[in-house]
Amino acid sequence: MHTSDSRPLPRRRRGLLIALVACVALGLAVTRLGSGEVAGFAGDALYAVAAYLAIGILWVRLRPIPLSLVTVAICWAIEFFQATGIPLRLAEQWIGWRYLLGTTFNGVDLIAYLLGGVLIAALDTWWRSRATALGSHRP
């Protein structure tokens, strides 16, 4: 990814980190202030968005569609891992595991992760094209 900035990768990482912090804050607000299935679904979609942003920080050169595919695959793997009961037992040992791995399998979560992964990839694609267009018009 090249723009008129001589340091595009650090700039992208910084943007992704800011977005990640905002996403985590929004996710916590949704799950703490909201209730019911809608809040749960939104929280799960935001979990996928946060995963996308975190993976993007680590693997900054990965384009939006492959990044989205990796993200959804990881989220789904974690969801299926919940069916083993191991994440529930881990969460009893340390609360952080509850936030990272969840505790119980729910098939609807798979849809939320897919939706979150698709939406953030679309937003990222739009953002990258906007940045490229703005960069090409700079003197």
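1. Basis. This is a predicted model, in which local features need pLDDT of at least 70, side-chain atom pairs count only at pLDDT 80 or more, and totals for chains, interfaces and linings use all residues. Residues are numbered from 1 along each chain as its sequence is written, and side-chain values use heavy atoms, with hydrogens and water left out.

2. Geometry of helix 2 and helix 3. The crossing of helix 2 past helix 3 is right-handed, that is, the near helix is turned clockwise from the far one by less than a right angle.

3. Contact between helix 2 and helix 3. On the helix 2 side the contact comprises Tyr47, Ala48, Ala51, Tyr52, Ile55 and Gly56. These meet Pro64, Leu67, Ser68, Val70, Thr71, Ile74, Cys75 and Ile78 in helix 3, contact being heavy atoms within 4.5 Å. By class there are 11 nonpolar, three polar and no charged residues. Here Ala, Val, Leu, Ile, Met, Phe, Trp, Tyr, Cys and Pro count as nonpolar, Asp, Glu, Lys and Arg as charged, and the others, Gly among them, as polar.

4. Salt bridges. How many salt bridges does a search of the whole structure find? There are two, with a salt bridge taken as a side-chain nitrogen of Lys or Arg within 4 Å of a carboxyl oxygen of Asp or Glu. One joins the side chains of Arg12 and Asp124 at 2.8 Å, N to O. Arg12 lies in helix 1 (residues 8–33) and Asp124 in helix 6 (residues 107–136), so this pair ties together parts that are 112 residues apart in sequence. In the other, the side chains of Asp124 and Arg128 meet at 3.5 Å, N to O. Asp124 and Arg128 are four residues apart in helix 6, which means a separation of about one helical turn. Shared partners join Arg12, Asp124 and Arg128 into one network.

5. Arg12 is buried at 9% relative accessibility; buried means under 20% relative accessible area, exposed over 50% and partly exposed in between, with a 1.4 Å probe and protein chains only. Asp124 is buried at 7%, and Arg128 is also buried, at 7%.

6. Other residues in helix 6. Leaving aside residues up to four places away in sequence, Gly117 touches Ala48, Ser68 and Val72. Ile111 is also in helix 6, but is exposed at 52%.

7. Leu90. This residue belongs to helix 4 (residues 86–93) and is partly exposed, at 28% relative accessibility. Leu90 touches Trp97 and Leu101, again not counting residues up to four places away in sequence. Leu90 and Trp76 are 14 residues apart in sequence and 18 Å apart in space, C-alpha to C-alpha.

Key:
Helices (H or I, at least four residues) and strands (E, at least two) are DSSP runs, numbered from the N terminus.
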